Amino acid sequence: MQVINYIPRQIQPMLERLMLQFPAVMITGARQVGKSTLLQRTAKDYRYVTLDDPLLCEQAKKEPNLFLLNYPRQVIIDEVQYAPELFRLLKLAIDREQQNGLFLLSGSQAFELMQNVSESLAGRVAVLKLLGLSLREIRHETFDQPFVPTMAYLTARQGDGVIENLWQIIHQGSMPRLYQQPTDWEVYYASYVATYIERDVRQIVNVNNIGDFARFMVSVASRSGELVNYNNIAQEAGVSNDTVKRWLTVLEMSGIVYLLQPYHHNHLKRAIKTPKLYMLDTGLMAYLTKWLTPETIQHGAKNGQFFETFVVSEIVKSFYNQGIQAPIYFYRDTNQKEIDVVIEYQQTLYPIEIKTTANPTKKMASNFRVLRDYLPAHELQVACGVIISQYPNKLWLDENLVSVPVGYL
């Protein structure tokens, strides 16, 4: 029998703290990123029930009182979005018991979940977002600070830069199962897409033709790292612009894609307002766009797109794993000046360029000037600029510019 190896998750200490502070804690995230495993590992003495079980789901929907008689407290309820009828009774139980750590909830359809939470459990539940394995988790690192490239952060990461198998990790993706046991990569992602469309998408939106949604997902994956263009995606998928907007919201709320918002400030008059779109799992991106080996990605025309997608998703994970909404943006203006990532943290902006090269240069960060020239210094500080590249060591390119390896994420 094949043993499945558990990979510790960096979000676990935050989950443990919130269990002591709130009556309920909910983990949201895409299918198979490890939500139920995390909850069962963290709360080993809790009973576990999944609403993927049709009999239990039916009871939770039709007889929620009876369901909670069977599972009254210290219980993990997995895929709780399938029985919205439970939320009103969970509220009553929480108000009656007046204890923390009563219920641990998980779900992969954040749209429905958050609707029910805001209506029924506001102030009673803490919400954490879980993505796939981070680079730190794959490498079994204990460093857990969110990626804010201060001097203290960069010093703490000294010596962590070299990743021999970077393109293997980018191709393989971040789903825990692919790192826990030998698994056929192509079969895994084919099954993942089929299950996602059948189980989740069809419950949220009316999809008449599964092929349309599959083409839509391929079109979205091929545009990871680009400005959202509804017209182009609609033409490729063969559906309307309104359908694309609705379906893109589904992907975002399911934890499949991340919409990176543009950075705005009154003094940046020419900044555009269209978000950029990123896949949150580069393995799924590779499968959908048919880049089937690490070597073809590394040496192919889309290597920069994959590298940038990987870096952005890692930055997002570093914040989510500390229970923080990622304060990251990008900048582009009508003069085509662009900054890949702008992190706004504690009244300071950190401009970041993402380059596949192993030979970073000062010229690559020339657009950082826009922030320094136009933003009022008394309102916001602009920190030292950073280039994330494949050069294996930290390298100062100017007194206000440093290149750091991707292993510093």
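Here is a quick tour of this predicted model, from its overall build down to one pair of helices.

Let's start with the whole chain. A compact globule of 409 residues would have a radius of gyration near 22 Å, and the protein's own value is 22 Å, so the two agree. As for what is tucked away, buried residues account for 56% of the 409. If you take contacts between residues at least 6 apart in sequence, 69% of them link residues at least 24 apart.

Now for a closer look at one helix pair. Two packed helices are described by the angle between their axes and the distance between those axes. For helix 12 and helix 13, the axes come within 8 Å and cross at roughly 140°. An angle over 145 degrees would count as roughly antiparallel, so these two are oblique to each other instead. The crossing of helix 12 past helix 13 is right-handed.

Which residues meet where these helices touch? The table sets them out by helix.

| Helix | Residues in the helix | Residues in the contact |
|---|---|---|
| Helix 12 | residues 210-222 | Asp212, Arg215, Phe216, Ser219, Val220 and Ser222 |
| Helix 13 | residues 230-237 | Ile233, Glu236 and Ala237 |

Sorted by class, this contact between helix 12 and helix 13 has 4 nonpolar, 2 polar and 3 charged residues.

Key:
Residues are numbered from 1 along each chain as its sequence is written. This is a predicted model: local features need pLDDT of at least 70, side-chain atom pairs count only at pLDDT 80 or more; totals for chains, interfaces and linings use all residues. Side-chain values use heavy atoms; hydrogens and water are left out. Axes are lines fitted to C-alpha atoms, for helices over the stretch in contact, and angles run from 0 to 180 degrees between N-to-C directions. Helices (H or I, at least four residues) and strands (E, at least two) are DSSP runs, numbered from the N terminus. Angles under 35 degrees count as roughly parallel, over 145 as roughly antiparallel, 65 to 115 as roughly perpendicular and the rest as oblique. A crossing is left-handed if the near helix is turned anticlockwise from the far one by less than a right angle, and right-handed if clockwise. Contact means heavy atoms within 4.5 Å. Ala, Val, Leu, Ile, Met, Phe, Trp, Tyr, Cys and Pro count as nonpolar, Asp, Glu, Lys and Arg as charged, and the others, Gly among them, as polar. The radius of gyration is taken over C-alpha atoms; the globule rule is 2.2 Å times the number of residues to the power 0.38. Buried means under 20% relative accessible area, exposed over 50%, partly exposed in between (1.4 Å probe, protein chains only).
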